[in-house]
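Here's a quick briefing to read alongside the structure. Have the viewer open and follow the topics in turn.

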Amino acid sequence: MIAGDAEFMAPIDGGRWRQGDGGLPQRPSMVFSGTFSKQPMAMAVAQQMIRHLRKESPRLQHTLTERTAELAREINQHAAANGYPIEVEHFSSLFRINVDGSERSENMFFLGLLSRGVYVWEGRTCFLSAAHDDADRARIVEAVAETAAEVAASGVWQRTRAAAAVPASAPAPVDEPPVTGEAPLTDGQKLLWMSSELGGDRGATYQMSDVRRIEGVIDVDRLTGAIERVARRHEALRIGFDEDGAAQNCVAHAVPALTTCTLSDASPGDIEAMLSRFARRPVDMSVPSLFQFHLVQAGAVAYLQATAPHAVIDGWSFEVLWEELSAFYVGGERAAAVREPARFLEYARSKRAEEDARFAANDAWWRPRLDSAWQSARMVDGAKPFAPVTRIDRLSADRLAELRGLSRSSRSTMHTAALSAVSVASALLMNAPQVIVMAHRTGQPLAFPGRPLIGFCVDLLPVILELPDDTSLLEVTRDVQAQLVSSSDALSGLYRTLQNRRYRHLPSTFLAFEYATESPGTLFGAPASPMAMERPRMPQPALLTVEEHRDGIELISEIAEESDLAPYGADLAARVEQLLADPTVPLGELRRR
């Protein structure tokens, strides 16, 4: 029901009048509708349903819950007894039939149900209603059993059927590939492994996924071969973790799964929803490979997605992954030119030894600096993931030239110049005299210059910006560059320091920052580009990314409502442009404008 003052309600129905009276409604009316609203039959049905619920509640709901649980129990027991990879999850009267395995086996299963008169809509969420009786429930269970047997007979679940045929008393067959290397987890990996094991929204926050849109048709066999070659080269694609997180083990042979799907008339929204769902698929952290690939071929355009837990991959690694997959797919000189990779386990052993050796000294160096920043603002709970609102602003080539000018004038990198510009702009909008920005340092080029390496090699890099009125963006940028140089030898062990209870709450002005450059425009022999996908959750209240392009800058802001920057997301790009136009203007003058 919608109700309100006549001033606002009259435009919906024309005001107070009755059909049959002389004339027409006295007020102009607007088009107003919804899925069921303003539809007389739907309103009458809703009213009757409310009366029914008042009379039958809560017995009706309790009975539905019990009958749904019984349906799930019957299907799950039958699946377990036969070794079928099927499980029904349920809550109250809602249930979902989950089918593990390939996209093909899942499609076969639900088409099999449809052929037996049981339709499960494409979203796969089901409800048992009061209209379903015991005969309906038995029919559903029977249809699931018959369909599962049919799919299993096709051979797509062969491994599961073979396992089910072994008597419960018989020892499990040992066919795991031999372990070829072992290393302890680095401090960063340990944190990410723990988050993935906790699952839920927190675990999903650290599931990395990257998508490339390719203008062409991808040959599945050639892609499969390219994935196998990359997996043979890089240990990270063959790593699994001990169940207690004590070590990571690399096996001799593990090929990431490749799921393929061909769509003929899907909308961009459908494709993005499918890719988002695939990105959230959980993985068993103990079973290599932890990488998964998903190919969606939609007509003459392909979408190739790579997904893995953050504990085994970072942003730098995705670029290496795409470059090598493309080279091996194309073959010839491109494949021959791929350089010998570095070993990730060698990196992990060296990094962990460095963290253990330097932790005490680095912890003592960082504590007073972090404590001063943590006491400067309102605090927000950093233990739970944040739900961001994403905004993308495109700045012109002139702004890119101004950013390069700031980099030259301050004798800093483009990364430092961009970090300083967006951080100062954010601080001005939040009216904050100080902000702490968490940037990252990529370890691959430092540990193994010139050699490709896939794995998690990221160091946290805190930057504390003091912003008195008499300083300018140019001076701040010089100070940031000096901070980065002075702190570069004190980063090992910082992950461990930040796990202290005092840092589990974050300043409301806290920012995370990333800098990226435009990816190559050709992959797999065809024009290609990254596909931006919104993150439903992230571990910081605000993440600002500056991406450098040939013709300008992309400013990507992902800001949760807990951040003090949340009310000003739409103003951030304009503030950055204002700062870049003249980086020598005192901040006090800008605050007064």
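The charged end of arginine 124 sits over the ring of phenylalanine 110, 3.9 Å from the ring centre. "Over a ring" here means NZ of Lys or CZ of Arg within 6 Å of the ring centre and within 35 degrees of the ring normal. Keep in mind that this is a predicted model, where local features need pLDDT of at least 70, side-chain atom pairs count only at pLDDT 80 or more, and totals for chains, interfaces and linings use all residues. Residues are numbered from 1 along each chain as its sequence is written, and side-chain values use heavy atoms, with hydrogens and water left out.

**Rings**
- Arginine 222 lies over the face of tyrosine 329, at 4.1 Å from the ring centre.
- Searching the whole structure turns up seven aromatic pairs (rings of Phe, Tyr and Trp, the latter by its six-membered ring, with centres within 6.5 Å).
- Trp374, Tyr503 and Phe510 are linked into a cluster by ring pairs.

**The chain as a whole**
- The protein chain has 20 helices and 20 strands (DSSP runs, numbered from the N terminus: H or I of at least four residues for helices, E of at least two for strands).
- Of its 593 residues, 46% count as buried (under 20% relative accessible area, with a 1.4 Å probe and protein chains only).
- The C-alpha atoms fill a box of roughly 85 × 75 × 50 Å along the principal axes.
- Among contacts (heavy atoms within 4.5 Å) with a separation of 6 or more, 76% are between residues 24 or more positions apart.

**Helix α7**
- Helix α7 covers residues 187-198, twelve in number, and reaches 17 Å from its first C-alpha to its last, close to the 16 Å expected (1.5 Å times one less than the number of residues).
- Its buried residues include Leu191, Leu192 and Trp193.
- The buried residues of α7 pack against elements including α8 (200-205), β10 (301-309) and α13 (344-374).
- Glycine 199 follows α7 and has a positive phi, near 70°.

**The open sheet**
- Six strands make up an open sheet with mixed pairing, in the order β12-β20-β19-β16-β13-β14 (a pair needs at least two DSSP bridges).
- β12 (388-395) and β14 (458-466) are the edge strands, each pairing on one side only.
- β16 (residues 511-517) and β19 (residues 542-549) run parallel and are joined by six bridges.
- Alanine 512 has leucine 543 in β19 as its bridge partner.

Notes: Rings of Phe, Tyr and Trp (its six-membered ring) pair if their centres lie within 6.5 Å; planes under 30 degrees apart count as stacked, over 60 as edge-to-face and the rest as tilted. Buried means under 20% relative accessible area, exposed over 50%, partly exposed in between (1.4 Å probe, protein chains only).
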